[in-house]
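Let's take a walk through this model together. Have the sequence and the coordinates open as you read.

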Amino acid sequence: MFFVLLFFISARVEVFFSATDGCEDKVINAINSAQREVKIAVYSFTSREISQAVLDAIKRGVSVRIVVDGEQAKDRFSKAGYLASQGVNIKVVDYTPRRKKFLVPKMHHKFMVVDNKFVMTGSFNFTASAEELNDENCVFIYDDENAVKKFSGEFERLWRISTTY
């Protein structure tokens, strides 16, 4: 019982809202803090600023892998093609074969694992709209090995079923 209580006490959570706290800056700071690896699973990725942070991380020798939704990757503002052309290891999840009538399933996650140390999750897509127009949130979870393990496992599952952009 003491161990479980100690575990919960050691975890730290920070919550930010795009309208008041600037989630985009928090995401960029997290990418800039990476020393070894960043794993990103995000539905929509159109942010120039976050794209630049990804490219800067790679220049520092950080391994970056990104999974995006296949339909969103086709959007004319998507950074998937640009990032791939810059050598970023990016894959798309294509659920089109699972279409049900006019409905197509989506890879709708918005999360990031940095250095297998902490997780960012929430409603925040990596888009200008998410930062400037929508009410969005991003939640950072630190010192929680179980959360990191679960999100890393989900990322690896997505990576396995995805195709290279």
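Is Asn 116 buried, partly exposed or exposed? Asn 116 is partly exposed, at a relative accessible area of 42%, where buried means under 20%, exposed over 50% and partly exposed in between, with a 1.4 Å probe and protein chains only. You will find Asn 116 in the loop between β5 (110-114) and β6 (118-122); strands are DSSP runs of E of at least two residues, and helices runs of H or I of at least four, numbered from the N terminus. Although Asn 116 is not a glycine, its phi is positive, about 50°.

Before moving on, a word on the source: this is a predicted model, in which local features need pLDDT of at least 70, side-chain atom pairs count only at pLDDT 80 or more, and totals for chains, interfaces and linings use all residues. Residues are numbered from 1 along each chain as its sequence is written, and side-chain values use heavy atoms, with hydrogens and water left out.

Now look at Asp 143, in the loop between β7 (137-142) and α8 (145-161). Asp 143 is not a glycine, yet has a positive phi of about 55°. Its relative accessibility is 46%, so Asp 143 counts as partly exposed.

Let's turn to the lining of the largest pocket. Among its residues are Glu 24, Arg 48, Phe 77, Lys 79 and Glu 132. Helices α4 (48-59) and α7 (128-132) each supply at least two lining residues, and α7 gives the largest share, 3 residues.

Notes
On a 1 Å grid over the protein atoms alone, a cavity is a set of points where a 1.4 Å probe fits but cannot get out, and a pocket is an open set with protein on both sides within 12 Å along at least five of seven lines; lining residues have an atom within 4 Å of a point.
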